[in-house]
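Dear colleague,

Please find the structure below. My findings follow it.

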Amino acid sequence: MMRDLGELLGIERPIVLGPFGGLSSIELTAAVSERGGLGSYGLYGYDPERIRQMASALRAVTDRPFALNLWLAHDEVEQVSSADFDRSAQALRPFFDELGLEVPERPDRYLPSFEAQFDAVLEARPAVVSFVFGVPSRAVVDAAHERGIVVVGTATSVDEAVALERGGVDAVVATGAEAGGHRVSFLRPAEESLVGTVALVPQVADAVTLPVIAAGGIADRRGVAAAFALGASGVQVGTAFLRTEQSATTDAHRRAITQAPAHGTVLTRAMSGRLARGIPNRAVRTIEGGGVVAPFPVQNWLTGRFRAEAVRRGVGELQSLWAGQAAALSRESDADAVFDELAAGLPA
């Protein structure tokens, strides 16, 4: 199965970079692809022109296969009234005041349309397009296949993996509850889809005929070896690469990852309105304590207005510090060193 995945994706080693929505970098994506893995780039919030520019810049530094990642169901979010928006914005006023920012007004649109994003991805023609938060439509899958693009879906449960296979995807990422960032569940609420990687991967491998890529809690050669023993055909790794100097994250975020113990992450909706795993900080604790959290994408848009300034100033207590439960195993600051460590766990 390892050889099958490599042939499917056009890569030499079945190691996939987690697609960080908002924290992806050209340098890190290219670094993983150049080593024979599959570099991934998350396109959350990118408009078509930015997607075209990013893909062009990526191709300028690597001719190896890479994946572009999209969130599904952008246009199926809960509608929030002006009054509710104002209430949510005012609940966050202390953060805006702290950074000397005005409380933002309600925008005309929170995100680019999925259709416009996908058209730009088709134009870019990556080797792989991966999706989270749902099953891409048959029209989307067919359009990708017509251009020779491999389609990868993401599941947090066996039922989701089966649905993805029925939808025509080529491979499935089975992401356990240990994984950092958003829980990308779509058949049941995220709180009801918290299956750990060790339990999830073999059940998904038994339930589908597609190659399974294990994700969640994998940070070194031991995690890679375990994933293959469980029936995976490859691994997807996020946090271990996120702390490297090639990633687009901040120094404050890197420090938080290096200092986080195994019990040092939480699942929270505070920063985005969707359940996500990260390292708790003052922003998370304050928002949760206040009890006012707008649904996605409103909460994500609102906190994003002050998070961007917090990043600029290096204020880690007001950033989103996404990380998985294996953060403490993320010991390397260079992407090549991380890749070498992971590759040491691949079957001979």
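Contact here means heavy atoms within 4.5 Å. Leaving aside neighbours within four places in sequence, S320 is in contact with H253, M271 and R307.

This is a predicted model, in which local features need pLDDT of at least 70 and side-chain atom pairs count only at pLDDT 80 or more, while totals for chains, interfaces and linings use all residues. Residues are numbered from 1 along each chain as its sequence is written, and side-chain values use heavy atoms, with hydrogens and water left out.

S320 lies in the loop between helix 14 (298-313) and helix 15 (335-343); helices are DSSP runs of H or I with at least four residues, strands are runs of E with at least two, and both are numbered from the N terminus. With a relative accessible area of 12%, S320 is buried (under 20% relative accessible area; exposed is over 50% and partly exposed in between, with a 1.4 Å probe and protein chains only).

Turning to helix 3 (residues 48-61), its buried residues are P48, I51, M54, A55 and L58. They cover an arc of only 125 degrees around the axis, so they sit on the same side of helix 3; the arc is that of the directions from the helix axis to the C-beta atoms. These buried residues pack against helix 2 (26-34), strand 2 (39-42), strand 3 (66-71) and helix 6 (114-124).

Yours sincerely
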